[in-house]
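Q: I am new to this structure and would like to learn how to read its features one at a time. Could you show me the model and then take my questions in turn?

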Amino acid sequence: MRLGAVLAAGLLLVAAPVGAQERPNEPGEHDPGRSHGGKKFTIPVEVVVPLVALGVLLIGAAVRAEARKPPRTTEPSRTPPPPVEVRSGADSAPPRKAKPKTAKAAGGRNGSNARSAGGDAGAPRGAAQADDPAVVVPGEVLFEVKAGVSDLDVTAIARRARLDRISSERFELTGSTIYRYRIRGDRSVAAVVAALRADPQIEAVQPNHVYSLSQEATSELSRTQYAVVKLRLKEAHASATGLNVPVAIIDSGADGTHPALKDAIVESFDPVGPPASAHPHGTAIAGLIAARGDLASPAPAARILAIRAFSGAKRPAKPGAEGTTMHILRGLDWASKQGAKIVNMSFAGPKDDKISQFIAAGVAKGQIFVAAAGNAGASSPPLYPAADPEVIAVTAVDDADKLLAVANRGPHLAVAAPGVDVVVAAPGGGYSYMSGTSMAAAEVSGVIALMVQANPSLTAAEARAALVKSAVDLGAPGVDPEFGAGQTDAKAAVDAVSAAPSVSASPQATPVSAPVETTISPRP
């Protein structure tokens, strides 16, 4: 229509000269309508009249068509604007609109994964790393079913979800059965967890998490057992040595034939399976709690229940001994059945709702749980199980009361203990040095064994309160996220919980009389 209007206007312009009066040119004026002969050329009327009529018709049609069109709206350009480069001295780009914040829903029994307000839509929290072999066991999922769901129903659930059963285990500690399944096909753990969570027959579902022992590299920087002085073990052993207090260690394999562990390990449990062998970390932890003879320890008369939940096999994704959720749950369940009063957990990893559930059940039955803060550094988020509110979290310091550089920080820390270049028992009857929050946690577990001997009915809350109250303040005044309440003081902690006059030390134990010089055989 616009083309018609233009054409009509052109026709009118051509016809316009028809009605004009002819006049002579002014002197010097050039008339383009005249030929060289001086005569003016005009278009005949019989030609112009039809052209004018056609032009009028075309203009009218164009006007009517334009009136019938809907009003135009401005549409933003679909082409994104070019990136704005801000240079020094130039005007800055206009502020961008802030993205709307998504509200985080509180995690339920189905794991630490966040849920949307409308239900189970969305991937679990941490889905980006859900298949990282350093965080979870690839291709595996754990779940519980609701009451009344039969084994046939479980088989049907697995068939719908395309899962193959690995095992199902009944745990007395929580009265629950946990199913472990392998995922078929190339599907992520996060996707399968999210799908199972939407099943109304599922009570809880999560990955099979991976944990690592909190150990740093060994060194040859020290030749004395400075922990004896720092913890005031000589003074504490005048009244308690941890006599017959059962302490479970969930760790790698411990060398029960080591001279420093003679008669210390009274029972062992291996939820991992063969091949089993003594491992440096497990051997060190057992000795740091209850070593006898020349190697000093806080509780030389305690009874060690050694649980091998971590294998010494190394994987490229994560060096060192590793354990999984299922290995740790088996260890916690066994420790409860054996009557362990204290459970040492010198390992660290992601939050795990099943482990937290088992710990809470143990605390309700009178157990006390101690864990290493972790060696992931100041920028790391809190690691578990140390960050669990039911657990006494321990960090590590050196002989000058300086914090272990790689130790995790956080408000969940309770106390500190020696954990840098400490003398430890090594497999094969030797000795070595180790550093890490694992070592500090083991020493605090030994101190709690002294406290339990002094007060057998001691609860986890009472143990924590006494340790915090009796600690020697380090760092910023009061409890702080680096040192917790400060350096553990065994003598003051025992005095804080003593409900009766001092208990005589066991005649079989070897209380520490002074720091002991030990000849160290370097590890290969």
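Q: What covers the buried residues of α4?

A: Please keep in mind throughout that this is a predicted model. The cover over the buried residues of α4 includes β1 (136-145), α3, β2, β3 and β4 (202-213). The residues covered in this way are Val 189, Ala 190, Val 192, Val 193, Ala 194, Leu 196 and Arg 197. Because 7 of the 9 residues of helix α4 (residues 189-197) are buried, the helix is largely enclosed by the rest of the structure.

Q: How many bridges join strand β2 to strand β3, and do the two run parallel or antiparallel?

A: Strand β2 (residues 163-171) and strand β3 (residues 176-183) run antiparallel, and 8 bridges join them.

Q: How many salt bridges does the structure hold, and which residue forms one with Arg 165?

A: The general idea is that side chains of opposite charge can pair when their charged atoms come close. The structure holds 12 salt bridges. In one of them Arg 165 pairs with Asp 151, and their closest N and O atoms are 3.1 Å apart. Since Arg 165 lies in strand β2 and Asp 151 in helix α3 (residues 151-161), the pair ties together parts that are 14 residues apart in sequence. Arg 165 counts as partly exposed, with 34% relative accessibility, and Asp 151 is also partly exposed, with a relative accessible area of 42%.

Q: Which parts does the salt bridge of Asp 489 and Arg 232 tie together?

A: The side chains of Asp 489 and Arg 232 meet at 3.1 Å, N to O, in a salt bridge. Asp 489 lies in the loop between α11 (460-470) and α12 (490-497), and Arg 232 in the loop between α5 (227-230) and α6 (233-236), so the pair ties together parts that are 257 residues apart in sequence. Asp 489 is buried, its relative accessible area being 9%, whereas Arg 232 is partly exposed at 30%.

Q: Where do Lys 491 and Asp 495 lie?

A: Both residues lie in helix α12, where Lys 491 and Asp 495 are 4 residues apart, about one turn of the helix. They form a salt bridge in which the closest N and O atoms are 2.5 Å apart. Lys 491 counts as partly exposed at 22% relative accessibility, and Asp 495 is partly exposed with a relative accessible area of 43%.

Q: How far away is the nearest side chain of opposite charge from Lys 341?

A: That side chain belongs to Glu 462 and is 7.5 Å away, so Lys 341, although buried, has no salt bridge, which here would need a nitrogen of its side chain within 4 Å of a carboxyl oxygen. The side chain of Lys 341 instead reaches the backbone oxygen of Leu 458 at 2.8 Å. Lys 341 has its place in the loop between α8 (325-337) and β9 (342-345). Beyond its neighbours within four places in sequence, Lys 341 is in contact with several residues, including Val 245, Pro 246, Ile 368 and Val 452.

Q: How many residues has helix α9, and what does it reach from its first C-alpha to its last?

A: Helix α9 (residues 353-364) has 12 residues and reaches 16 Å, close to the 16 Å expected at 1.5 Å a residue. At the start of α9, a side-chain oxygen of Asp 352 reaches to within 3.0 Å of the backbone nitrogen of Lys 354. Among the buried residues of α9 are Ile 355, Phe 358 and Ile 359. Just after α9, Gly 366 takes a positive phi of about 100°.

Q: Which residues does a cis peptide bond join?

A: A cis peptide bond joins Tyr 384 and Pro 385, with an omega of about 10°. Pro 385 lies in the loop between β11 (368-372) and β12 (391-397).

Conventions
Residues numbered from 1 in each chain as written. Predicted model: local features only at pLDDT ≥ 70, side-chain atom pairs only at ≥ 80, totals over all residues. Heavy atoms only, no water. Buried < 20%, exposed > 50% of the residue type's maximum accessible area, 1.4 Å probe, protein only. Lys, Arg positive; Asp, Glu negative; His and termini not counted. Polar contact = N/O pair within 3.5 Å; in protein donor to acceptor, adjacent residues only side chain to side chain. Contact = heavy atoms within 4.5 Å. Expected span 1.5 Å × (residues − 1). Pairing = 2+ DSSP bridges.
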